[in-house]
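Hello,

Here is the structure I promised to pass on to you.

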Amino acid sequence: MEEKEYKKSFIVTGMTCINCVRRVEKALRNIQGVSFASVNLATSTGFIIAEREISLDEIKEAVRSAGYGVSEEKLEDVEKKRYLQNKRNLILSWIFTSPLMLLMAIHMFFYMIPYFSILEFFWGGIVIFYAGKGTLRSAFIAITHKHSNMDVLVSTGALVAWLTPVLEILKFPIMSFGALGAMIMTFHITGRFIEAYIRDKATKELKDLLKLQAKEVRILEGDKELYVPVSAVKIDTIALVKPGEKIPVDGVIVEGDSLIDESMITGEPIPVFKKEGDKVIGGSFNLSSPLKIKVTHVGEDTYLSKMIKLIQEAQGTKVPIQALADRITNFFVPSVVTLSILAAIFWYFNFYRFYSFLEKMKNIFPWIILTHDPLSFSIFVFMCTIIIACPCALGLATPMALIKATGLAGKKGLLIKNAEAIQTSKELKVILTDKTGTLTEGNPKVVEHNLDERTLKIVASIEKSSNHPLATAISKLVESYLEVEEIKEIAGEGMKGIYNGKEYFIGKPKNEKIYENLLKDGKIVIEVRENGKMVGYLAIEDPLREDSYEAIKKLKALGIRTVMVTGDNFQTASVIAKKLGIDEVFARVSPQEKLNIVRKYQGFGQKVAFIGDGINDSPALKGADIGIAIGSGTDLAIESADIIILKRGISKAVDIIVLSQKTFFIIKQNLFWAFFYNLVAIPVAMMGLLNPLIAELAMILSSINVILNSLRIKA
């Protein structure tokens, strides 16, 4: 019996850097039954997979034990509150810091302001302890839970600077850096605000999807039209949608026909004509005529809700390259604190020996503060080193690129369930693809058959129980159905059922030679047997998807081998493969054989993708390095896949490969610049050649650079 997986997404509050993320992930993995836990710093979301149902209270308790919180509010509401709070802190900090900066310049270069140290102490204290209380709280939580984060470094630097005027007031021979403490905190708050603003742009695609979720539905109660919240709508309720309005729920048209714009969900720009009996998706737009729609799915079961949930889950997971950054940042902050202390001790005991060096360097770096006091300069170096090395850019390097990539993929009609697929896709060497519903339209029609009316009705009644495109084509041949018993779908073979004590099988022919003429024309032949004896056949034609030709051509241009793997006969498969230019064909294969073919290519050391849509494709989808399911396929195929194609066929595989190449290039750039920045900046700070404000600005710009670079990923 297959074990069930339970998945849950939630919002984590209070995180500021990659060390916070690691702490929360560790706490989540300690929950009994949790097999996987991932937290995304860029979106503040957590995601777990468990062997049992995990309650939100259990998650809250685990996250709280790590020093952070879990919010039950919607992500957009949490972000709005955080934005307003950050804005208030930003305004308050600059109200006090701006005049303090001006007075500091006057005090240093023009006129000695009496009691300036006292002013630094009080005004700086307001900025650090009130406007910067969130940063201090985060640092306190980290320290009390025996770990460190970016806020520990910023808070330490700001507090050390703020305490220097006290020492000066107490007549210690030390230079006051109180104004610098306020400026460090203000710059940090400003950087956070800018980061959040730019980060919101990176999540634009997901936010656009969230906006598609309607809040109200116009329902019909007799002759009355009533507006009710979406959450209160029940299945089978009749909703009325007028031209120009958003379709609020998933349903089936029961009256009317209209053009529907599904571009925001499927990525297809051309409106689709829909009539009575057709399905519509909540979040799409009714363009031309009024529609009455019977609700079929509500709440989290709607197509749009599932789509948003899958994107959020993908954004919450990690790619292998991120493990490198995680391992480094695990020891990064403690190492930086150690280096900061060592640098301060070095300068305290060697200040006069290297004083001439500092005088020369001041001509190149005018922001160096020269004093005649070793203690003052040691504190100055300590602050610079500890601030310059904040690892925020490292923490954002990978997740920001993933957020942008998964959002763009969703916009193009691709749902990435597993973020690791973004890294693996660029390494693909072989793409195995099913035929029916993948290379073909999946909307086949019966063009010929020799069954009598009674047998045809029995056959259609059996086929009605399957979601396979061929079965759907056969079931449409009759208007009413019979009660057939013991209907069973045999993966890769066909369907069977019992009617009036006789067993009927509809599927692959025993002897294909007798249908040679039909097969030469590329038709699919379905044989019907009654108690094992052949009683007739159906010839089906399934047109090739328009994008299949161009997709195969582009895949070959990328150096990828294309292979058709189908349960259909070799002759039909060969005709289609020849038309498309596919390199190799495997026909008449069972589900297990499809998986074996996947493993065969993997055995050559090649990364393999499998594209399919049926139950018989599920083992191969699961076994491939990347499983890509056609969204119109079966639930089992979709569940087994890493990527879901919402619209069209394998041309989307080209899109994911190209997107993977672009994304991974950006991730490598982000990591390079984040590492390079720290490798260069830390030694310079330890040499005393930086100013704490320059250090803070450099740290902010490093994080902003990573976010802006991630925005360069284009569809």
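**Notes on the model**

Arg 588 counts as partly exposed, because its relative accessibility is 32% and this class covers what lies between buried (under 20% relative accessible area) and exposed (over 50%), using a 1.4 Å probe and protein chains only. You will find Arg 588 in the loop between β23 (584-586) and α21 (591-602); helices (H or I, at least four residues) and strands (E, at least two) are DSSP runs, numbered from the N terminus. The phi of Arg 588 is near 55°, a positive value in a residue other than glycine. Asp 236 is not a glycine either, and has a positive phi of about 80°. Look for Asp 236 in the loop between β6 (224-229) and β7 (238-241).

Before going on, a word about where the values come from. This is a predicted model, in which local features need pLDDT of at least 70 and side-chain atom pairs count only at pLDDT 80 or more, while totals for chains, interfaces and linings use all residues. Residues are numbered from 1 along each chain as its sequence is written, and side-chain values use heavy atoms, with hydrogens and water left out.

**Salt bridges**

Side chains of opposite charge can pair when their charged atoms come close. A salt bridge here is a side-chain nitrogen of Lys or Arg within 4 Å of a carboxyl oxygen of Asp or Glu, and the search of the whole structure finds 14 of them.

- Arg 52 and Glu 58 form one, with the closest N and O atoms 2.7 Å apart. Arg 52 is partly exposed at 29% relative accessible area, and Glu 58 is partly exposed at 28%.
- Glu 245 and Arg 218 form another, at 2.7 Å from N to O. Glu 245 lies in the loop between β7 and β8 (250-255) and Arg 218 in strand β5 (residues 216-221), so this pair ties together parts that are 27 residues apart in sequence. Arg 218 is buried, at 7% relative accessibility, whereas Glu 245 is partly exposed, at 25%.
- Lys 523 and Glu 541 meet at 3.8 Å, N to O. Their pair links distant parts of the chain, 18 residues apart: Lys 523 sits in the loop between α18 (516-520) and β20 (524-530), and Glu 541 in strand β21 (residues 533-541). Lys 523 is buried at 16%, and Glu 541 is partly exposed at 37%.

Ile 341, Ile 345, Tyr 348, Phe 349 and Leu 375 form a nonpolar patch on the surface, with about 490 Å² of accessible area together. Patch residues have over 30% relative accessible area and no salt bridge; nonpolar side chains (Val, Leu, Ile, Met, Phe, Trp, Tyr) are joined within 5 Å, and like charges within 9 Å. Areas come from the Shrake-Rupley method with a 1.4 Å probe, and for residues only the protein chains shown count as cover. Helix α11 (residues 320-350) gives the largest share of the patch, four residues. Leu 375 is in helix α13 (residues 374-388) and is partly exposed, at 33% relative accessibility.

The axes of α13 and helix α6 (residues 150-169) come within 8 Å and cross at roughly 160°. Axes are lines fitted to C-alpha atoms, for helices over the stretch in contact, and angles run from 0 to 180 degrees between N-to-C directions.

Happy exploring!
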